[in-house]
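This briefing groups its points by topic. Please view the sequence and the structure first.

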Amino acid sequence: MKTMKLSAPDWCFFPKGADPDAYYRKLKSMGYSGVEMVEPERWQSAKNAGLEIVNLSGPGMTDGMNRRENRRKLSEEVLRLTESAARNAIPYLIVFSGNKGELSYEEGLENCLEGYSALLEQMKGSGVKLLFEMLNSFDHKDYQADTESFGFELARKLDNENFRLLYDIYHMVRGGCDPLRNLEQKLPYIAHFHVASLEGRKFPEPDGAIDYKAFFAAVPEGRFRGYVGMEFFPADSERDLARAADMFLGAAE
């Protein structure tokens with residue numbers, strides 16, 4: 001993977017009380033192309049700095065689409081976000097499975113399949129896509145899509161180009177998955193990556209348990225055109241963002 005676009009989610013990096021214009025200009029100067037999960041009042045500042053607002057976070061992380069009784073409310077919320085995203089050229093909405101409780105894997109998957117199939121039909125023509133995220137159930141207790149299998153099975157069964165996966169490498173390794181296993185078969189369904197160290201979800205050190213250089217070197221050139229998002233707990237936001245840009249962009253050269 002010789003070319004790489006980097007993004008940074010605001011929830012973990014935007015300093016409280018910071019000047020948005022200055023922050024986004026600095027981010028752009030470091031080599032970032034996009035920002036994620038930005039509050040609406042900062043959208044224009046991000047755009048003025050030349051950054052793409054890559055995604056918005058949708059509802060349903062705990063009370064999710066895996067339960068039929070949540071379907072109407074969640075669909076209405078996602079459709080409202082879709083209108084806003086479409087008006088502001090934001091390409092993705094992040095969506096979830098929800099917590100499983102007493103639900104079996106099969107029932108939760110079937111409910112998500114039905115719910116997202118209907119929702120995608122309602123979103124048709126908007127230009128906005130859904131980005132489904134799998135989360136480990138250590139950090140997100142009882143989350144249903146806690147391994148990659150749930151997400152990939154859902155994406156394959158939906159078979160819709162407007163439904164893709166947010167593959168957080170930290171979450172998946174923490175949940176016992178191997179990101180490199182069947183990588184080429186997985187790539188068509190992945191539109192976005194997130195990275196962090198396995199050790200405490202911190203800066204992805206080059207000598208950490210997850211070898212990100214090896215992972216992205218294994219991605220064939222031209223097979224992934226999305227963003228690689230830095231989603232970790234920084235010790236120092238500006239320093240760690242600069243280090244991450246140097247490390248990931250340098251490795252891609």
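Which residue takes a positive phi just after α2? G31 does, with a phi of about 115 degrees. The model is predicted, so local features need pLDDT of at least 70 and side-chain atom pairs count only at pLDDT 80 or more, while totals for chains, interfaces and linings use all residues. Residues are numbered from 1 along each chain as its sequence is written, and side-chain values use heavy atoms, leaving out hydrogens and water.

**Barrel**
- Eight strands form a closed barrel in the order β1-β2-β3-β4-β5-β6-β7-β8, with parallel pairing (at least two DSSP bridges between two strands; strands are E runs of at least two residues, helices H or I runs of at least four, numbered from the N terminus).
- Neighbouring strands of this sheet are turned against each other by 30 degrees on average, direction ignored.
- Strands β6 (residues 163-168) and β7 (residues 190-195) run parallel and are joined by four bridges.

**Helix α2**
- Helix α2 (residues 20-30) has Y23, Y24, L27 and M30 as its buried residues (under 20% relative accessible area, 1.4 Å probe, protein chains only).
- These residues lie on the same side of α2, because they cover an arc of only 120 degrees around the axis (taken from the directions from the helix axis to the C-beta atoms).

**Nonpolar core**
- Within the largest nonpolar core, of 79 residues, Y116 and F216 touch the most other members (buried Ala, Val, Leu, Ile, Met, Phe, Trp, Tyr and Cys joined through side-chain atoms within 4.5 Å).
- Helix α5 (residues 105-123) gives the most to this core, with seven residues.

Note on methods. Buried means under 20% relative accessible area, exposed over 50%, partly exposed in between (1.4 Å probe, protein chains only). Axes are lines fitted to C-alpha atoms, for helices over the stretch in contact, and angles run from 0 to 180 degrees between N-to-C directions.
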